[in-house]
Amino acid sequence: MIHSPNVRQYTGPGAAARTFVAFLTGAAFAATALAQEPRQLLWGDTHLHTSYSFDAFLNGNLTADPDAAYRYARGMPVTHPYHKARIQIDTPLDFLVISDHAEFYGGIRDIYYEGVQESNPNPLQRLAYWYAERQIRGAIDEDRGPAYFSDQLPEREDPVAAARLWAERVGDSTPPGAETSARSAWARYREIADNHNAADNFTALLGWEWSSIPGGANLHRVVVTDADGATAGGFLPLSSGESPHPDDLWRWLAETGARTGARFVAIPHNPNISKGFMFGNDTLRGEPVDADYARLQQRFEPIAEVTQIKGDSETHPSLSPDDAFADFEDYPWYIQRNPYRRAEHPAGSFIRSGLRTGLQIERRTGENPYRFGMIGSTDSHTSMASAEEPNFWGKMARDSVPGNKQGNALGSGPTGWSMQAGGLAAVWADTNSRGGIVDAFQRREVYATTGTRIALRLFAGYALSESDLERADLASHGYANGVPMGGELASSETAPRFLITATRDPKGANLDRIQIIKGWIDSDGETHEQVYDVAAEAGRARDAQGRFEPVGDTVDRKSGRYRNTIGAPALQAFWQDPSFAPDQDAFYYVRVLEIPTPRHALLDALALGMAEPSEGPAVIQERAYSSPVWYRSTGDR
């Protein structure tokens with residue numbers, strides 16, 4: 001039934017915001033609106049592991065290969081690798097990157113099923129291989145895989161010193177048969193990806209994970225390429241076994257791209273557990289970031305992963321004490337040998353402070369290494385790109401079962417309930433193709449969500465106006481008269497203007513509010529940030545600081561259900577920076593919050609007959625993060 005339109009409007013200082021007509025929230029509206037867009041909105045996951053990854057295999061994923069991963073992402077029923085039940089994604093994805101670890105790529109799987117892949121071993125080698133095979137098979141068959149995995153993690157130590165030692169020992173710890181296994185697994189993966197690519201308008205991008213972790217500092221990157229299977233046959237995924245330094249990865253990507261014609265994008269992930277080294281002022285070599293380093297990083301890292309299963313990396317209350325929503329899905333464990341140490345929160349470990357540091361480095365060197373867009377992805381090791389809260393299959397295969405999720409998921413420390421069900425990569429692309437998606441990555445016209453499918457648009461410019469929100473061709477007008485998310489604005493004496501539209505997930509929760517987060521650098525080289533509430537449903541009150549009052553909470557803690565009786569199905573806003581200074585470089589990004597909804601841990605707890613989960617929150621506010629828009633003054637940098 002279509003109800004009569006119910007139009008409500010809110011107008012506040014420096015902003016105009018209104019809810020759309022209430023009935024315009026279903027799939028019909030979404031299809032109509034997106035059909036008019038110059039670019040299409042695609043949903044995907046750039047960070048998924050299968051049984052080809054050593055840690056996935058050791059933690060219960062013995063059977064789900066890349067073919068199973070692509071079939072699940074496309075919406076087909078598959079068998080779960082741990083509990084063997086039939087499962088199916090609720091809403092299929094438009095694209096997927098399978099990013100198995102380059103370190104011993106496919107090797108543990110080969111050893112378990114076929115033995116060490118090394119030709120013509122001598123008698124002593126055969127004995128050593130037999131012992132290694134016996135160890136690995138025993139750990140897996142006796143369910144000691146997680147403990148075996150933990151024993152392989154690095155000791156806690158200074159990351160710079162650890163990287164120096166790592167570089168000196170390159171090649172010393174390469175497992176026997178590693179190259180043979182990697183070549184075989186890479187060939188299978190390339191064929192599987194090509195078979196799924198372009199089927200049902202689905203894109204299967206090739207990729208892998210480069211997993212540098214010196215001293216327990218996570219410096220991992222997912223590498224994505226637009227290459228097809230034949231072109232990707234001209235290289236093997238580079239692993240951190242060759243070098244722990246990100247700039248060595250970027251140089252390899254430059255050389256390989258020049259040789260093969262492939263384009264590459266490296267995506268940093270989990271900066272929240274990088275011990276401050278992901279977005280710091282210094283490199284892993286202990287040297288200040290210089291212009292050459294910054295240019296190389298800009299070339300290959302146009303986007304970064306802000307949210308995933310191992311926590312949210314936007315910011316933290318210790319870094320953003322005035323942000324009421326900064327305390328979201330904190331993940332307080334490093335990836336290092338037991339016992340896990342609770343993580344601190346240095347500035348270089350979070351996206352927002354990294355963006356601020358980028359302004360300072362640009363002031364010093366003329367180049368900004370941290371001018372990146374934002375995406376989310378899962379980092380699931382189950383082969384299932386499951387970011388849907390009620391349909392979440394865990395980080396590792398064995399913690400897909402509610403009872404197991406109460407226990408340790410990665411050795412000791414984190415449990416399945418301490419991790420979130422997230423996230424997703426949203427891409428505004430010209431075409432759903434390998435080239436079209438990599439194009440969008442490189443121009444940073446992308447955004448992140450924590451697993452929900454909020455449709456989000458952002459345009460910024462000097463010729464935009466509030467009346468543009470009424471245009472049927474808003475997007476075309478935004479492109480013609482401004483820049484989209486990920487873009488850069490030239491200097492001006494006039495404050496930039498922003499057009500923002502956000503629509504709820506058609507199957508999800510209403511929206512709480514739209515916010516703009518601004519960061520800037522002053523004349524003394526100090527950086528600052530401010531959060532602006534710019535839109536909420538009509539009639540919503542503000543407090544003395546101009547923030548909207550809390551939206552409320554409809555989650556029933558006994559049933560795990562909620563009601564969309566609060567919030568707004570869609571919001572839009574026109575906003576102009578009230579504190580703009582023409583001589584101050586700045587960035588702006590949008591954060592959209594949903595109303596509270598039940599978290600996967602609450603649903604598990606209720607299924608187990610518990611009143612609430614023993615760890616992790618019971619209720620969350622899902623969110624979306626746009627890529628920033630940067631304002632660049634003409635002042636000296």
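## A tour of the model, stop by stop

The count of salt bridges comes to 44, where a salt bridge is a side-chain nitrogen of Lys or Arg within 4 Å of a carboxyl oxygen of Asp or Glu. This is a predicted model: local features need pLDDT of at least 70, side-chain atom pairs count only at pLDDT 80 or more, and totals for chains, interfaces and linings use all residues. Residues are numbered from 1 along each chain as its sequence is written, and side-chain values use heavy atoms, with hydrogens and water left out.

**Stop 1: salt bridges**

Select D248 and R251. Their side chains meet in a salt bridge (3.3 Å, N to O). Why are D248 and R251 separated by about one helical turn? Because they are 3 residues apart in helix α10 (residues 246-260). Helices (H or I, at least four residues) and strands (E, at least two) are DSSP runs, numbered from the N terminus. An α-helix has 3.6 residues a turn, so residues three or four places apart point the same way.

Check how covered the pair is. Buried means under 20% relative accessible area, exposed over 50%, and partly exposed in between (1.4 Å probe, protein chains only). D248 is partly exposed at 27%. R251 is partly exposed too, at 39%.

Go to R471 and D473. They form a salt bridge, with the closest N and O atoms 3.0 Å apart. D473 has 36% relative accessibility and counts as partly exposed. R471 is also partly exposed, at 36%.

Now select D512 and R513. Here the closest N and O atoms of the salt bridge are 3.1 Å apart. Are R513 and D512 buried or exposed? Both are buried.

Finish with a group. Select E314, D323, R352, R356, E529 and R591. A network of salt bridges links them.

**Stop 2: strand β7**

Select residues 203-210, which make up strand β7. How many of its residues are buried? 8 of the 8 are, so the rest of the structure largely encloses this strand. Show the side chains. T203, L205, G207 and E209 point one way. A204, L206, W208 and W210 point the other way.

Two strands pair if DSSP finds at least two bridges between them. Strand β6 (residues 95-98) runs parallel to β7, joined by 4 bridges. V97 has L205 in β7 as its bridge partner. Strand β8 (residues 221-225) pairs with β7 in the antiparallel sense, over 5 bridges. Look for W208 and V223, which stand opposite each other there.

**Stop 3: S99**

Step to S99, in the loop between β6 and α4 (107-114). S99 is buried, with a relative accessible area of 0%. Which residues is S99 in contact with, leaving aside its neighbours within four places in sequence? They are T46, H47, L48, H49, G207, W208, E209 and V222. Contact means heavy atoms within 4.5 Å.

**Stop 4: an open sheet**

Find the open sheet of 3 strands. Its order is β11-β10-β12, with mixed pairing. Strands β11 (311-312) and β12 (373-376) stand at the edges, each with a single partner strand, so one side of each has no neighbour in the sheet. Strand β10 (residues 303-308) and β12 run parallel, joined by 4 bridges.

**Stop 5: a polar contact**

Select D585, in the loop between β21 (570-576) and β22 (586-594). D585 counts as buried, at 7% relative accessibility. Its side chain makes a polar contact with the side chain of S633 (2.7 Å). A polar contact is a pair of N or O atoms within 3.5 Å; within protein, one must be able to donate a hydrogen and the other to accept it, and residues adjacent in sequence count only if both atoms are side-chain atoms.

**Stop 6**

Select S150 in helix α6 (residues 145-151). S150 is buried, at 2% relative accessibility.

Move to helix α14 (residues 434-443). Its buried residues include I437, V438 and F441. R444 follows α14, with a positive phi near 65 degrees.

End at L127, in helix α5 (residues 123-141). L127 is exposed, at 53% relative accessibility. With L127 they form a nonpolar patch on the surface, with about 360 Å² of accessible area together. Patches are made of residues with over 30% relative accessible area and no salt bridge: like charges are joined within 9 Å, nonpolar side chains (Val, Leu, Ile, Met, Phe, Trp, Tyr) within 5 Å. Accessible areas come from the Shrake-Rupley method with a 1.4 Å probe; for residues, only the protein chains shown count as cover.
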